[in-house]
Amino acid sequence: MTTELTPRPILITGAGRRIGLALAKEFLACHQPVIVSFRTRYSAIDELEQAGAQCLFADFSTDAGIHTFAAAVMERCSGLRAIIHNASAWQAESKDRPLSETLAAMLQVHVNAPYLLNHLLEPLLRGHGQASTDIIHFTDYVVERGSDKHIAYAASKAALDNLTRSFARKLAPEVKVNAIAPAMIMFNDHDSAQYRQEALNKSLLKMAPGEAEIVALVKYLLASRYVTGRTHAVDGGRPLR
């Protein structure tokens with residue numbers, strides 16, 4: 001593997017808040033270049049730009065938006081260190097929206113966008129040596145158990161989980177492809193005390209570990225040279241409850 005004077009950037013989709021934002025900040029602090037996508041320009045995007053991140057608007061709700069974003073990435077770099085598919089949407093089935101629209105929306109952001117981006121950006125991932133590049137898909141704990149209130153969401157994340165193994169086969173041995181399946185990692189500011197306690201009680205470890213838990217796992221996967229095609233659960237032991 002050749003030594004690069006300038007590190008190849010890490011691409012993080014949906015990095016305007018929460019886990020995506022935490023990852024971007026961590027990499028920048030380690031002098032690792034990052035390219036991030038955003039759909040809503042939160043104030044954190046300004047902060048990331050000031051810290052040196054390349055922040056690109058992206059609308060993954062259409063194929064045209066995905067292709068436009070991929071072209072913008074390819075204009076800005078000749079190689080990528082990793083793609084971290086963090087962009088996500090959370091929609092429940094509702095009487096106010098056709099079920100087919102809910103399913104299509106969930107499949108678009110969680111399956112079609114990663115599928116197309118992995119193909120479109122493949123040239124940036126290859127050519128850097130054996131096991132030298134990564135793709136990380138963020139799936140969800142509900143892939144294992146399903147969800148009666150978020151059926152389309154759970155199904156789309158399950159499809160993304162399967163893409164992990166297919167792309168691991170396709171892109172080996174140059175690119176490692178893994179998935180992270182989190183359960184409760186962090187609360188929203190508006191979550192009630194009752195909700196928080198109920199959520200904590202669902203795991204054996206009874207905690208919301210925060211973004212640092214995911215950041216540490218991502219850094220482990222990037223550093224590893226022999227882990228690919230696997231889903232890494234971060235759920236505090238929920239399946240054992």
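Colleague: Hi! How many cavities of 30 Å³ or more does the structure hold?
Modeller: The structure holds one cavity of 30 Å³ or more. Keep in mind that this is a predicted model.

Colleague: Good to know. What volume does the largest cavity have?
Modeller: Its volume is about 60 Å³.

Colleague: And which residues line the largest cavity?
Modeller: Among them are Thr13, Phe60, His85, Ala87, Val109, His110, Phe138 and Lys157. By class, the lining has eight nonpolar, three polar and one charged residues.

Colleague: Which helices each supply at least two residues of that lining?
Modeller: Helix H4 (99-120) and helix H7 (151-171) do. H4 gives the most, with five residues.

Colleague: Let's step back. How many helices and strands does the chain have?
Modeller: There are nine helices and seven strands in the chain. Its radius of gyration is 18 Å, close to the 18 Å that the globule rule gives for 241 residues, so the chain is as compact as a globular protein of that length. Along its principal axes, the C-alpha trace spans about 50 × 40 × 40 Å.

Colleague: What share of the 241 residues counts as buried?
Modeller: 50% of them count as buried. As for contacts between residues at least 6 apart in sequence, 71% join residues at least 24 apart.

Colleague: What about the largest nonpolar core: how many residues has it, and which have the most contacts inside it?
Modeller: That core has 33 residues, and those with the most contacts inside it are Ile12, Leu23, Phe27, Leu48, Ile84, Ile180 and Val218. The elements giving two or more residues to this core include strand E1 (10-12), helix H1 (18-29), helix H2 (43-51) and helix H9 (211-223). H1 provides the largest share, seven residues.

Colleague: Why would such residues sit together?
Modeller: In soluble globular proteins, nonpolar side chains tend to be buried together.

Colleague: Pick Val218. Leaving aside neighbours within four places in sequence, which residues is Val218 in contact with?
Modeller: Val218 is in contact with Leu23, Phe27, Ile84, Ile136, Phe138 and Ile180. Apart from this core lies another one, of 29 residues, among them Ile35, Ile66, Ala87 and Ile135.

Colleague: New topic: where is Ala53 found, and is Ala53 buried or exposed?
Modeller: Ala53 is in the loop between H2 and strand E3 (54-57). Ala53 counts as buried because its relative accessibility is 8%, and the cut-off for buried is under 20%. Beyond its neighbours within four places in sequence, Ala53 is in contact with Leu28, Val34 and Leu48.

Colleague: Where is the cis peptide bond?
Modeller: A cis peptide bond joins Ala172 and Pro173, with omega about 0°. Pro173 has its place in the loop between H7 and strand E6 (175-182).

Colleague: Now His31: what is its phi?
Modeller: His31 has a positive phi of about 65° although it is not a glycine. His31 lies in the loop between H1 and E2 and counts as exposed, because its relative accessibility is 70%.

Colleague: And what about Arg18: which helix is Arg18 in, and what is its phi?
Modeller: Arg18 lies in helix H1, and has a positive phi of about 55° although it is not a glycine. At 29% relative accessibility, Arg18 counts as partly exposed.

Colleague: Last one: what volume does the second largest pocket have, and how many residues line it?
Modeller: The volume of the second largest pocket is about 170 Å³. It is lined by 13 residues, of which Leu205, Met207, Pro209, Asp235 and Gly236 lie nearest its centre. The lining of this pocket divides into eight nonpolar, two polar and three charged residues.

How values were computed: Residues numbered from 1 in each chain as written. Predicted model: local features only at pLDDT ≥ 70, side-chain atom pairs only at ≥ 80, totals over all residues. Heavy atoms only, no water. Core = buried A, V, L, I, M, F, W, Y, C linked by side-chain atoms within 4.5 Å. Buried < 20%, exposed > 50% of the residue type's maximum accessible area, 1.4 Å probe, protein only. Helix = DSSP H or I, 4+ residues; strand = E, 2+ residues; numbered from the N terminus. Contact = heavy atoms within 4.5 Å. 1 Å grid on protein atoms, 1.4 Å probe; cavity = no way out; pocket = protein on both sides within 12 Å on 5 of 7 lines; lining within 4 Å. Points joined across faces, edges and corners; volume = space filled by probe spheres on them. Nonpolar A, V, L, I, M, F, W, Y, C, P; charged D, E, K, R; others polar. Rg over C-alpha atoms; globule rule 2.2 N^0.38 Å.
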